[in-house]
Amino acid sequence: MAAIDAAVLADWVSRFGAAVAEKRDWLTELDSAIGDADHGANMARGMSAVGEKLAAGTPATVDELLKTVGMTLVSSVGGASGPLYGTFFLRMGMAAGAVSELDGPALAAALRAGLDGIVARGKAEAGDKTMFDAMAPAVDAFDAALAADSSVADAARAAAEAAAAGRDATLPLVARKGRASYLGERSAGHLDPGAASTAILFDTLADALAGSAG
């Protein structure tokens, strides 16, 4: 496939923003069951701000693009999702560096750095019923697919499928982190909204990479 440059990554961010806007009410519905009922609204507002920022011009280097996305989310999204998603993109940008494009291993390293940033900020572990439960399997699946000589686009699709499975696996869990943890056993039987938006994140990455491969 063609190299993953800032334009491809900007397309990913744009697709993510559009999907979040489309599924805003669903994300908020999920959050109303076990949280503050604002995840959809917060994410939609943040990604709208990102879209406005990038409409002024796509940064030339990968790190500039990803850091712009991260800083915009941190400054425009309330609750936990802004700092967490902002940290994800900021750490991705730091790992990528001032380059014009990424290959598969470099993208994998950036995604891993983003995940590590979320762990450092949120202190979440597997089974806590957070976005980590979707993101960690996705990043692992991306790495595994590349190691098995899959294309970057196919690795991204494997990551998206793993993120969706991770999202669905939060349904029976009892939350151990965040606002949902206050509900105790009553948090079981609901999907985690952060895991749901993380699945959207990786689904749109797969779509963007498939589009650039075509």
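**View 1. Helix 4, end to end.** Helix 4 covers residues 62-76. At 1.5 Å a residue, its 15 residues should span 21 Å, and the end C-alpha atoms do lie 21 Å apart, so the two agree. The expected span is 1.5 Å times one less than the number of residues. Helices here are DSSP runs of H or I with at least four residues, strands are runs of E with at least two, and both are numbered from the N terminus. The model is predicted: local features need pLDDT of at least 70, side-chain atom pairs count only at pLDDT 80 or more, and totals for chains, interfaces and linings use all residues. Residues are numbered from 1 along each chain as its sequence is written, and side-chain values use heavy atoms, without hydrogens or water.

**View 2. The buried residues of helix 4.** Which residues of helix 4 are buried? They are V62, D63, L65, L66, V69, G70, T72 and L73. Buried means under 20% relative accessible area, exposed means over 50%, and partly exposed lies in between (1.4 Å probe, protein chains only). The cover over these residues includes helix 1, helix 3, helix 5 (81-96) and strand 2 (101-102). An α-helix has 3.6 residues a turn, so residues three or four places apart point the same way.

**View 3. Helix 1 meets helix 3.** V13, F16, G17 and V20 of helix 1 touch M43, A44, M47, V50 and L54 of helix 3. Contact means heavy atoms within 4.5 Å. This contact has 8 nonpolar residues, 1 polar and no charged. Ala, Val, Leu, Ile, Met, Phe, Trp, Tyr, Cys and Pro count as nonpolar; Asp, Glu, Lys and Arg as charged; the others, Gly among them, as polar.

**View 4. An aromatic cluster.** W12, F88 and F89 form one aromatic cluster. Rings of Phe, Tyr and Trp (its six-membered ring) pair if their centres lie within 6.5 Å; planes under 30 degrees apart are stacked, over 60 edge-to-face, and the rest tilted. The whole structure holds 3 aromatic pairs. W12 and F89 make a tilted pair, 5.6 Å centre to centre with 50° between the planes. W12 lies in helix 1 and F89 in helix 5, so this pair ties together parts 77 residues apart in sequence. F88 and F89 pair edge-to-face, at 5.2 Å and 80°. F88 is buried at 0% relative accessible area, and F89 is buried at 1%.

**View 5. Two loop residues with positive phi.** K123 sits in the loop between helix 6 (104-122) and helix 7 (132-147). Its phi is near 55°, a positive value in a residue other than glycine. K123 counts as exposed because its relative accessibility is 53%. D149 sits in the loop between helix 7 and helix 8 (152-169). D149 has a positive phi of about 70°, and at 72% relative accessibility it counts as exposed.
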